[in-house]
Amino acid sequence: MLLAVMLLVFVTLTTAQNNVRTAIPRDAALETKIEQTLAKMTLDEKIGQMLELNLDIMGRYDANGRWTLNETMLDTLISKWKVGSILNAPGTRAASVEQWQKWIRLIQEKSMKYIGIPDIYGLDHNHGVTYTQGGTLFPQPINQAASFNTELARRGAEITAYESRAANCPWVYNPTIDLGRDPRWPRIWESFGEDALVNSRMVEAQILGYQGSDPNHLDKYHVATSVKHYMAYGAPWTGKDRTPAYLSPQLLREKYFEPFRAAAMAGALTMMVNSASINGVPVHASYEYLTKWLKEDLQWDGMLVTDWADINNLFQREHVAKDKKDAIRIAINAGIDMSMDPYSVDFCILLKELVEEGKVPMERIDDAVRRILRVKYRLNLFNEPNTGGQGYEKFGCQEFADASLRAAEECEVLLKNESNILPLAVGKKILLTGPNANQMRCLHGGWSYTWQGSRAEDLAEKYNTIYEAFCLKYGKQNIILEQGVTYNENGQYFEENTPEISKAVKAAEQADIIVACIGENSYTETPGNLTDLWLSANQRDLVKELAKTGKPIILVLNEGRPRLIADIEPLAQAVIDILIPGNYGADALVNLMSGKANFSAKMPYTYPREINSLNTYDYKVSEEVGTMAGAYNYDAKVSLQWPFGYGLSYTTFEYANLRVDKTQFKADDLLTVSVDVKNTGSRMGKEAVLLYSSDLVASIVPDNKRLRDFAKVELQPGETKTVTFRLPAKQLAFVGADGRWTIEEGDFTLKVGKLTQNITCMQTKIWDTPNL
Ligand code: BGC
């Protein structure tokens, strides 16, 4: 009888699990396996699955800093504590494929032996295989956004997945979609710029690249993603990393949540949570955001992992819990499934006590473990816990290098080109100056071989710095290298050595043209915090002194965020923002500067001109009032260096015939918008075509414009192509004062280039559902 009841409960549970409508349609056979495995697990085993430890603690460093794995320690952690996941590279430095093969294989052997459940190993393979030597690094995500080419982003992710699996790693902590809307924040280069739609499209493309097209059955060349950092991590009030955000419900739902919604619907298997708080609530403690918005409203059945030690931060930093046990109670009940608690197994002891005391319900534990098992089953780790070796011969191959180079060429932005000083013909004498002129670190950025991207020059030797790439293209005899300002590689990322500007000025006497490579050194997270958004005084002085020579100056900006340069920009004849273009960034730069390739990137964020005018492109109409009639001038002005979506090319494009199939529409209509784009210049070029809309009158102050769609087209000289966008009218909706999605009767303008088309919404609609 008991058996019959148990069987009935099991069948009912399984059926209930299988019938739920989820963001990822479920695979019934997998769900059955999950239930069968779960049914066999003890509480200790379940809790162990919910813990993720740092690999570092399973070994020791010798006097030379060399780390070796201690098998006994690993054995204890897996046999006694049943740990379900391990992360990171020892010393946060890239290891070889062979080392990864050895370490992860051993972890899997022990996991299968003691628990019968494979480990899920995770690495920050963020723009390529960060932590695997000899693999391919791509331009950072901010560059990929500047390309406005989702196919580049997809392909980069696909190659990264392949190379991760070659190193036996099935899980990457990427893509990052935090929205870089505050240029002070040190991590804006890690996601796809300031716009919600660009982040959404890029994350969809990358999920496809990383995971393949079937999120229930990943093959051995794909990895699970951990989309991060859910959500609004990029909006710290202070501009400093991991500090609180204060956001209106509109901004949160309409912009910060949107790319995560897109990621959930695109099948992201896991997500990592924002370390900080929103309106006073740490996200790790928010039932509303973790469970309600994501797991219930979207029926997303993936797994939520904390960021680094963030349950501890609920009591140590945020002061919303009185001790670690209290913090675990809050976080797990809020919806956290796995705790990245890098250095301790306390989590297991304390969570067990909480369950036994009835403070964390068993159903919550089962839900979390089900989600963890689900990603392991979806990754096929039970059948094939290890990958790599035969079948992975393409690791680090030329084809992948070419993909990275092509991506770099499409993501460096030409911002100024007075009197067509570019392209730069061979034969001129060029002075290369500035701290970024001869170093790989600033080209590949943070999360490259090491966490901060520093002390890794030895691992990037085979790639070209800007100086090396110039020598190859223009001939060494034509290149003078005199940097004038250099970074202090032994200090913090912003420290510079005593400048030698006069040496650079002297060297300029021999040159026809000056290329000043300026910007920032690499950094990420809190070490990348900043006290002043202006580019360093030394670097600006260098440009000012060089300008006095009267020689033409080309500025090459190589930086993770838009550092203010309003005083030196007028001194330059050309400006190129290469952002952080990766290992082939310098080769791409010379291809572009010499005219071998054509520029086609556009700014993925607004480049500010003033410290007190840090606007985004979708600013409210009331931020740009200009002069007010009456007694005083109303100083609400948007003052930009370069707007979002701005970028030049060696050719010119003309837009014509912007048209829409319905000038009057209702919320449920689909609008078809078309525009003809012609290459009117004499060179082949690619153009990112951006479709914006403006809501002319709304019940809450409307954004002046919003990006609604984009496409990248390639055009031969004289060629015209029609670009067609299919725009569901509901995408023009906004979140109203009552927090509900709303589209109001009235006029809108669609804009592409300088063309506009008016359309009218005939009927107001307010949605009852939290999502459109
Ligand atoms: C970062 C995450 C990263 C994690 C694991 C954290 O400090 O915020 O982006 O994925 O560490 O390395």
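How many cavities of 30 Å³ or more does the structure hold? The structure holds four. The model is predicted, so that local features need pLDDT of at least 70 and side-chain atom pairs count only at pLDDT 80 or more, while totals for chains, interfaces and linings use all residues. Residues are numbered from 1 along each chain as its sequence is written, and side-chain values use heavy atoms, with hydrogens and water left out.

A cavity is a set of points, on a 1 Å grid over the protein atoms alone, where a 1.4 Å probe fits but cannot get out; a pocket is an open set with protein on both sides within 12 Å along at least five of seven lines, and lining residues have an atom within 4 Å of a point. Grid points are joined across faces, edges and corners, and a volume is the space filled by probe spheres set on the points.

The largest cavity has a volume of about 70 Å³. It is lined by 13 residues, of which Gly 445, Asn 521, Ser 522, Gly 560 and Ile 580 are the closest to its centre. This lining comprises four nonpolar, six polar and three charged residues (Ala, Val, Leu, Ile, Met, Phe, Trp, Tyr, Cys and Pro count as nonpolar, Asp, Glu, Lys and Arg as charged, and the others, Gly among them, as polar).

The largest nonpolar core has 160 residues, and those touching the most other members are Trp 100, Tyr 230, Met 231, Met 271 and Leu 351. Such a core is a set of buried Ala, Val, Leu, Ile, Met, Phe, Trp, Tyr and Cys residues joined through side-chain atoms within 4.5 Å, where buried means under 20% relative accessible area (1.4 Å probe, protein chains only). Helix α15 (residues 362-378) gives the most to this core, seven residues; helices (H or I, at least four residues) and strands (E, at least two) are DSSP runs numbered from the N terminus. A second, separate core of 43 residues includes Met 440, Ile 554, Ile 576 and Val 590.

Turning to the open spaces, the largest pocket contains about 810 Å³. Its lining has 38 residues, with Arg 181, Leu 251, Lys 255, Thr 616 and Glu 623 nearest the centre. The largest share of this lining, five residues, comes from α9. The second largest pocket has a volume of about 670 Å³, and β24 supplies the largest share of its lining, six residues.

Terms used. Buried means under 20% relative accessible area, exposed over 50%, partly exposed in between (1.4 Å probe, protein chains only).
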